[in-house]
Amino acid sequence: MVAIPKPPLEVFFLKPCKHINNYQIKFPSIPTIDLSKPESKDLLVQACQDFGFFKIINHGVPTKFINKLESEALKFFNSPLSLKQKAGPANPFGYGNKHLGQNGDFGWVEYLLLNLKLNSDNKNSIISVFEENPEEFQCAVNDYVTAVKGMTCGILELLADELELQSRNVFSRMLLDEQSDSVFRMNYYPPYPELQEHELEGKKLLGFGEHTDPQIISVLRSNNTSGLEILLKNGSWMPVPPDSNSFFVNVGDSLQVYTFSCSS
């Protein structure tokens, strides 16, 4: 076991902002893309250009896969800390607790980061630390990831079609490649003691700090946990209402660079 110093509580809170409260601003609606509709291609490109973020409905990912993974994830995060620490510290894969990445960032979050390059026939060395039914957790992850990858490939191919790129699978083949650097991350935001007292002082609890995603796109889902915000072009932070029945897609740095190069 590796001893990790405990950070001071101050690092988990954003200082009160002197600017106008975001919740007093009238925000635009987050684009919603219905994958069952023929006009979804046009709307996808428009959402990427205007927001870089959108919601997906009628996505085709089976509810049973979503519910099973969520159940297994909660079992893990509700396990004793001594068991979870067997899967860490994250470097970068594995179990992490409050320490985010290699840059010394902190957040009030626990997470499990898995490498999707590993063959599903081989037992993931991180998942193998589970004392009860590691195969069940592995199966839940495989089913969920396979279904979400299928949805994601469909989104990327629709984008390629609408952008009139030479190859329809120019983006999706990167995701399906055996050497793809795709990762799967589960975040758990535990209750914070005396949170209300800090909020009365105007402070906001920081779960996962401001960042961009380096990938082509990131696919997100929340079990009705609020707190996610996106940065608009005008510099305002816009809260994203959670929706456990949908997926959210964030345009990553790689897709921005690639499409800029194609249009230049």
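Student: In strand S11, which residue is the bridge partner of Phe54?

Tutor: This is a predicted model, in which local features need pLDDT of at least 70, side-chain atom pairs count only at pLDDT 80 or more, and totals for chains, interfaces and linings use all residues. Residues are numbered from 1 along each chain as its sequence is written, and side-chain values use heavy atoms, with hydrogens and water left out. Strand S3 (residues 53-57) and S11 pair in the antiparallel sense over four bridges, where strands are DSSP runs (E, at least two residues) numbered from the N terminus and two strands pair if DSSP finds at least two bridges between them. Within S11, the bridge partner of Phe54 is Val249.

Student: Which residue of S11 does Ser218 stand opposite?

Tutor: Strand S8 (residues 217-220) also pairs with S11 in the antiparallel sense, over four bridges. In S11, the residue opposite Ser218 is Asn250.

Student: Does Asn250 count as buried or exposed?

Tutor: Both faces of S11 are covered, with Phe248 and Asn250 on one side and Phe247, Val249 and Val251 on the other. The cut-offs are under 20% relative accessible area for buried and over 50% for exposed, with partly exposed in between (1.4 Å probe, protein chains only). Because its relative accessibility is 18%, Asn250 counts as buried.

Student: How far apart in space are Asn250 and Gln215, C-alpha to C-alpha?

Tutor: Asn250 has its place in strand S11. In sequence, Asn250 and Gln215 are 35 residues apart, while in space their C-alpha to C-alpha distance is 9.5 Å.
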